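Colleague: I'm new to this one and would like to learn how to read it. Could you walk me through the strands first, then the charges?

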Amino acid sequence: MTVDSDWEEWLLRAVEDADPDGLAIWYLGCNGFIVKSSGGATIFIDPYLGIGDPPRTVRMVPVPFDPTEVQEADAVLGTHEHTDHVHGPSQAPILASTGATYYTTDSGHEVIHEEAWMDNWSVTDDQLEEITEGDRLEFGDLTVHVEPANDPDAEHPVSFVFEHESGTFFHGGDARPGAFESVGDAYDIDLGVLAFGTVGMIPDSETGEPTRTKWYNDENMIIEAANELQLDTLVPSHWDMWKGMTTEPTVLHNHARSFDYPETLQIVEIGDRIDL
């Protein structure tokens, strides 16, 4: 499979040309993000550039870049093994063109071997690192902590806390509440990403029959998770991606109003930049 970008190279060049004072974060749609620090560390999180598996899963947002055009990356992080988080055609070309290292859990590495990244792309074994809860990764002026995540649909999910002198950024993957209280107690999180979506009738992967499906936090769950994490600012993700699962994130203003956290809600669309 090859990737055809709807946006050519402008987003990648914008990231490469950026010189942030602190931490700059770009939303890639789905649950993908790029983080770039003032020291120049560039990290991709869950970049997914596929179109899904129509008609079961149908991508509803543009494909923002061609992974073979990435010129700068220190690492790619995968939160869990699902195809829109660990995906060879989206991620292996980034490793091949930049020499970056890929970090994901044991279940993510099973996908890497099933997809034969080293055979199908120019990826070497030393570019693949297995991670687990409690690990600490250093990328220049940026520290990444691997923390727990409660995702009942995944085999071994994790979350990530990015610490920088300018602030702390959290990425929860597709996780729901239930495992984040210790994370909220351990860190002062300025900005946190949590997956948000509606319940939809999605064709069953085996029978093809429309089946009531819930993959992400609903309105109440995402606010519960934000309170476990004690988030200053919540950024909902994933709400834009799959036909039948998309939703309206501004509704969360109403759900968050009477709770301590998040203190603010920030809605971003694919291609938007946030600065800490």
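Modeller: Start with strand E2 (residues 33-37) and strand E3: they run antiparallel and are joined by 4 bridges. Strands here are DSSP runs of at least two residues, helices (H or I) runs of at least four, both numbered from the N terminus. Two strands pair if DSSP finds at least two bridges between them. This is a predicted model, where local features need pLDDT of at least 70 and side-chain atom pairs count only at pLDDT 80 or more, while totals for chains, interfaces and linings use all residues. Residues are numbered from 1 along each chain as its sequence is written, and side-chain values use heavy atoms, leaving out hydrogens and water.

Colleague: Which residue in E3 is the bridge partner of Phe-33?

Modeller: Ile-45. The hairpin of E2 and E3 has 4 residues between the strands, and there Gly-40 takes a positive phi near 95°.

Colleague: Which strand does E3 run parallel to?

Modeller: In general, strands of a sheet pair through backbone hydrogen bonds, either parallel or antiparallel. Here the parallel case is E3 with strand E6 (residues 75-77), joined by 3 bridges. Phe-44 stands opposite Val-76 of E6.

Colleague: Which way do the side chains of E3 point?

Modeller: The general idea is that side chains in a regular strand alternate between the two faces of the sheet. In E3 (residues 42-45), Thr-42 and Phe-44 point one way, Ile-43 and Ile-45 the other, and all are buried. Buried means under 20% relative accessible area, exposed means over 50%, and partly exposed is in between (1.4 Å probe, protein chains only).

Colleague: What is the order of the strands in the open sheet?

Modeller: The 7 strands go E9-E10-E11-E12-E13-E16-E17, with mixed pairing. Strand E9 (136-139) and strand E17 (264-265) are at the edges with a single partner strand each, so one side of each has no neighbour in the sheet. Further in, look at E10 (residues 142-148) and E11 (residues 158-164): 6 bridges join them, and they run antiparallel. Thr-143 has Glu-163 in E11 as its bridge partner.

Colleague: Now the charges. How many salt bridges does the structure hold?

Modeller: Side chains of opposite charge can pair when their charged atoms come close. A salt bridge is counted when a side-chain nitrogen of Lys or Arg is within 4 Å of a carboxyl oxygen of Asp or Glu. By that rule the structure holds 7.

Colleague: Which residues form a salt bridge with Arg-176?

Modeller: One is Asp-151, with the closest N and O atoms 2.7 Å apart. This pair links distant parts of the chain: Asp-151 is in the loop between E10 and E11, and Arg-176 in the loop between strand E12 (167-171) and helix H5 (181-186), 25 residues apart. Asp-153 is another, at 2.9 Å between the closest N and O atoms. Asp-153 also lies in the loop between E10 and E11, so its pairing with Arg-176 ties together parts 23 residues apart in sequence.

Colleague: Are these residues buried or exposed?

Modeller: Asp-151 and Arg-176 are both buried. Arg-176 counts as buried because its relative accessibility is 6%. Asp-153 is partly exposed, at 37% relative accessible area.

Colleague: Which residues are linked in a network of salt bridges?

Modeller: Glu-9, Arg-13 and Glu-16. Within it, the side chains of Arg-13 and Glu-9 meet at 2.3 Å, N to O. Glu-9 is partly exposed, with a relative accessible area of 33%.
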